[in-house]
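Here is a short report on one protein model.

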Amino acid sequence: QVPLVESGGGLVQAGGSLRLSCAASDRTFGSYAMGWFRQAPGKEREFVAAISWSGGSTYYAESVKGRFTISRDNAKSTVYLQMNSLKPEDTAVYYCAATDYTSLSAREYDYWGQGTQVTVSS
């Protein structure tokens with residue numbers, strides 16, 4: 001397994017920024033593609049961003065393009081999600097996940113963190 005632990009969530013005003021981190025304990029972290037997903041109360045989990053194992057390819061949901069940036073540091077076994085220009089509709093629990101192949105589909109991911117709450121007030 002690849003245990004994942006998210007951090008960096010919190011309460012922020014609309015227009016503000018947050019940086020989420022996801023740390024992996026598995027020594028083979030660098031061989032996995034990583035993704036960020038989010039889930040608001042009463043809604044399905046949705047794709048936010050993904051990054052290939054090398055960091056050379058990134059993908060974003062249309063709703064966050066131009067505002068969010070996914071990155072990774074394999075030496076630190078950590079993936080990040082920089083969130084700028086936050087909106088109230090970004091409020092959700094954010095999860096990081098790992099998969100063998102880069103994907104935009106939650107069902108393709110094998111390992112998940114416990115999630116971190118992000119709340120954006122207006």
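## Tyrosine 111 and its strand

Tyrosine 111 lies in strand S10. Strands here are DSSP runs of E with at least two residues, and helices are runs of H or I with at least four, numbered from the N terminus. This is a predicted model: local features need pLDDT of at least 70, side-chain atom pairs count only at pLDDT 80 or more, and totals for chains, interfaces and linings use all residues. Residues are numbered from 1 along each chain as its sequence is written, and side-chain values use heavy atoms, with hydrogens and water left out.

Tyrosine 111 is partly exposed, at a relative accessible area of 22%. Buried means under 20% relative accessible area, exposed means over 50%, and partly exposed is in between (1.4 Å probe, protein chains only). Threonine 99 is twelve residues from tyrosine 111 in sequence. Their C-alpha atoms are 7.0 Å apart in space.

## Aromatic pairs

How many aromatic pairs are there? The count comes to five. Rings of Phe, Tyr and Trp (its six-membered ring) pair if their centres lie within 6.5 Å; planes under 30 degrees apart count as stacked, over 60 as edge-to-face and the rest as tilted. Tyrosine 32 and tyrosine 111 form an edge-to-face pair, with 6.0 Å centre to centre and 85° between the planes. Tyrosine 32 sits in the loop between strand S3 (18-24) and strand S4 (33-39), and tyrosine 111 in strand S10 (residues 111-112), so the pair ties together parts that are 79 residues apart in sequence.

Tyrosine 32 is buried, with a relative accessible area of 11%. Ring pairs also link Phe37, Phe47, Tyr109 and Trp112 into a cluster.

## Two loop residues

Serine 77 is placed in the loop between strand S7 (68-73) and strand S8 (78-83). Is serine 77 buried or exposed? Serine 77 is buried, at a relative accessible area of 16%. Leaving out residues up to four places away in sequence, serine 77 touches Cys22, Ala23, Ala24, Asp26 and Phe29. A contact means heavy atoms within 4.5 Å.

Glutamine 114 lies in the loop between S10 and strand S11 (116-121). Glutamine 114 is exposed, with a relative accessible area of 70%. With residues up to four places away in sequence not counted, glutamine 114 touches Leu4, Glu6 and Tyr95. Threonine 69 is 45 residues from glutamine 114 along the chain, and their C-alpha atoms are separated by 21 Å.

## The whole chain

The protein has zero helices and eleven strands. Its C-alpha trace spans about 40 × 25 × 25 Å along the principal axes. With 122 residues, a compact globule would have a radius of gyration near 14 Å; the protein has 13 Å, which agrees. That radius is taken over C-alpha atoms, and the globule rule is 2.2 Å times the number of residues to the power 0.38.

Buried residues make up 44% of the 122 residues. Of the contacts between residues at least 6 apart in sequence, 58% join residues at least 24 apart.
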